[in-house]
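Dear colleague,

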Amino acid sequence: MNTIVFRTLQVALAVAAALLAGCSSGTTIKSDLVLAGYGSARIDLHQKTDAIDLVNNSGVAVRIRVLGKKDRIMSNMLLSGHDQVRLDILTARAIEFDNDNGEQAMIRWTLRNHDRIEYTMALNP
């Protein structure tokens, strides 16, 4: 009888561990964005997304705008050279990047969500 109880507990713990591991996973999409001098780009989010991490791997500043419904500006910031930031974008619909400098800029971005991520990206929209 003790063997049956012991085996049942082992199976229950294994199932619980598998469920917790499956439920805690999230989705991340990582990419590099290279903006030519005076270039721009736009990421349109097709569903709610938790956050975006941005790392400016260049020496030039890049303007970042987080847009909501009807392209209303929710956040407008200047990401200086070699800076990084994490933005909560749960209510955002799009993110715009503008390089107002004549030099090339490189931004490494990571979208994070607890569910799948759907987006489109356009350069020089």
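K69 sits in the loop that runs between strand 4 (62–67) and strand 5 (73–79), strands being DSSP runs of E with at least two residues, numbered from the N terminus. With a relative accessible area of 57%, K69 is exposed, where exposed means over 50%, buried under 20% and partly exposed in between (1.4 Å probe, protein chains only). Together with K48, K70 and R93, K69 forms a patch of positive charge on the surface; such a patch takes residues with over 30% relative accessible area and no salt bridge, like charges being joined within 9 Å.

The model is predicted, so local features need pLDDT of at least 70 and side-chain atom pairs pLDDT 80 or more, while totals for chains, interfaces and linings use all residues. Residues are numbered from 1 along each chain as its sequence is written, and side-chain values use heavy atoms, without hydrogens and water.

If a salt bridge is taken as a side-chain nitrogen of Lys or Arg within 4 Å of a carboxyl oxygen of Asp or Glu, the count comes to 9. One of them joins R108 and D32 at 2.8 Å, N to O; because R108 lies in strand 8 (residues 105–113) and D32 in strand 1 (residues 27–35), this pair ties together parts 76 residues apart in sequence. R108 is partly exposed at 40%, and D32 is partly exposed at 38%.

Another salt bridge pairs R65 with E96, their closest N and O atoms being 3.6 Å apart, and it links strand 4 to strand 7 (residues 94–98) across 31 residues. Both R65 and E96 are buried.

Notes: Patches are made of residues with over 30% relative accessible area and no salt bridge: like charges are joined within 9 Å, nonpolar side chains (Val, Leu, Ile, Met, Phe, Trp, Tyr) within 5 Å. Accessible areas come from the Shrake-Rupley method with a 1.4 Å probe; for residues, only the protein chains shown count as cover. Lys and Arg count as positive and Asp and Glu as negative; His and the chain ends are not counted. The place of a charge is taken as NZ of Lys, CZ of Arg, CG of Asp or CD of Glu. Helices (H or I, at least four residues) and strands (E, at least two) are DSSP runs, numbered from the N terminus.
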